[in-house]
Amino acid sequence: MRIVADENIPLLNAFFADQGEIATYPGREIGREHLMQADALLVRSVTKVDAALLAGTPVRFVGTCTIGTDHLDLAGLAAAGIQVASAPGCNARGVVEYVLSCLLTLAERTGVAWRTRCVGIIGVGEVGGRLAATLTALGVDCLLCDPPRAQRGESGFVSLDALLAQADVITCHVPLNKQGPHATQHLLSAERLAKLAPGTWLINSSRGPVVDNQALASLLPQRPDLQVALDVWEQEPQVDLALAQLCALATPHIAGYSLDGKLRGTEQIYQAFCAHFQQSAALKLDDLAPASGLAHLAVDEQTEAVWALARALRLVYDVRDDDARFRAALQGLPQKQIPQAFDQLRKHYPLRRECSHLQLGWLGDKAPPAEWAAAGFSCQRG
């Protein structure tokens, strides 16, 4: 068995070393010449995989250790008889925590309490659904927009135009569909962006082309009231530097880059791989995951709960760090060097765990605030 894989897949050797010979390459550089003796291809989101890439190779299994599949030609691969597996939901919690950090930061900069804002969530799948559940548990009003689910007769959804008119915060969590009745390319078009209400916060951590970047770059100089956080870019890994400078927060497609999310993705593909090749999936993530980054925070019961929640969230993840690294890395670079800098930021991303790995200790006799558990923390007295 020969496996070709993206070099940035964590725990790759731990999960797959016993399955065969592993050859790793930078994800964007994996080509047909690397696959001529491969039985399986394991990728992340930067590798475009279609039937042409695999034509004439022995590859019959493609696994993407990511929640999204828009980098895969699913129809073409299916027609070629190639088994495809993805990792739905693996990084959803990381994206939720990214959005929470954006809300904290934008609230701090504007002086508007984020929990008083109405959050419009576009796309209510693995990520959007978990975000909605978390925000609702924290007492935040949410509007949900998911046309495919609404079309299937599910209730609780509003139209996109109604959401744009009513929400104070708009956050995108849709896949990239370029065609069809539910196309999402330029879902937030120039026309829709122009209709954003005064003071709107816009967050896009789904796919760059969901928002018309050129239209957004033209709009923002005229609308200083808008606060925009972009984690994804239309020509990624190329970045429009002028647009990045206009954004309140700019990051290099790392919203779901928690270590835990990546590890779950690897485990899910390992399980799918074993099922496809009729092997026993003997390894479990709990046995392989590192302890790095696990922490305990003790808070006295006299501490204001809202303050403590904000501090705990930022201790786990602070988007301002990624924003600062992104801007510093791109500063003064010619356009042709931006893609390499973009990929280097992702390749050498610092350790980041999730809220579940920060245990909050409550010093006193009272019960810990319910909102801590709602935010995803492990809580105990003492």
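Which residue in β2 does V4 stand opposite? V4 faces A23 there, and that pair is a handy way into this predicted model. Local features here need pLDDT of at least 70, side-chain atom pairs count only at pLDDT 80 or more, and totals for chains, interfaces and linings use all residues. Residues are numbered from 1 along each chain as its sequence is written, and side-chain values use heavy atoms, with hydrogens and water left out. Helices (H or I, at least four residues) and strands (E, at least two) are DSSP runs numbered from the N terminus.

**The five-stranded sheet**

- Five strands make an open sheet in the order β2-β1-β3-β4-β5, with parallel pairing; two strands pair if DSSP finds at least two bridges between them.
- The edges belong to β2 (21-25) and β5 (83-85), each with a single partner strand, so one side of each has no neighbour in the sheet.
- From one strand to the next, the twist averages 15°.
- Strand β1 (residues 2-6) runs parallel to β2 and is joined to β2 by five bridges.
- Helix α11 (residues 259-276) packs on this sheet, touching β1, β3 (40-43), β4 (61-64) and β5, and its direction makes about 165° with that of β4. Contact means heavy atoms within 4.5 Å; axes are lines fitted to C-alpha atoms, for helices over the stretch in contact, and angles run from 0 to 180 degrees between N-to-C directions.

**The six-stranded sheet**

- Another open sheet has six strands in the order β7-β6-β8-β9-β10-β11, again with parallel pairing.
- Here β7 (142-145) and β11 (249-250) are the edge strands, and each has a single partner, so one side of each is left without a neighbour in the sheet.
- Four bridges pair strand β6 (residues 119-122) with strand β8 (residues 169-172) in the parallel sense, and V119 stands opposite V169 in β8.
- Helix α4 packs on the sheet against β8, β9 (201-204), β10 (227-230) and β11, its direction making about 155° with that of β9.
- Helix α5 lies across β6, β7 and β8, running at about 165° to β6.

**Helix pairs**

- Helix α4 (residues 92-110) and helix α5 (residues 126-137) pack at an angle of about 50°, with axes 9 Å apart. That angle makes α4 oblique to α5; under 35 degrees counts as roughly parallel, over 145 as roughly antiparallel, 65 to 115 as roughly perpendicular and the rest as oblique.
- A92, R93, V95, V96, V99, L100 and L103 in α4 meet E126, V127, R130, L131, T134 and L135 in α5. The residues of this contact divide into nine nonpolar, one polar and three charged, where Ala, Val, Leu, Ile, Met, Phe, Trp, Tyr, Cys and Pro count as nonpolar, Asp, Glu, Lys and Arg as charged, and the others, Gly among them, as polar.
- Helix α14 (residues 319-330) and helix α15 (residues 338-347) pack at about 150°, their axes 10 Å apart, which makes α14 roughly antiparallel to α15.
- In that pair, R325, F326, A329 and L330 of α14 meet I338, A341, F342 and L345 of α15, and the contact residues divide into seven nonpolar, no polar and one charged.

**A loop residue**

- A367 lies in the loop between β13 (358-363) and α16 (370-374).
- Leaving aside neighbours within four places in sequence, A367 is in contact with W362 and R381.
- A367 and L187 are 180 residues apart in sequence and 45 Å apart in space, C-alpha to C-alpha.
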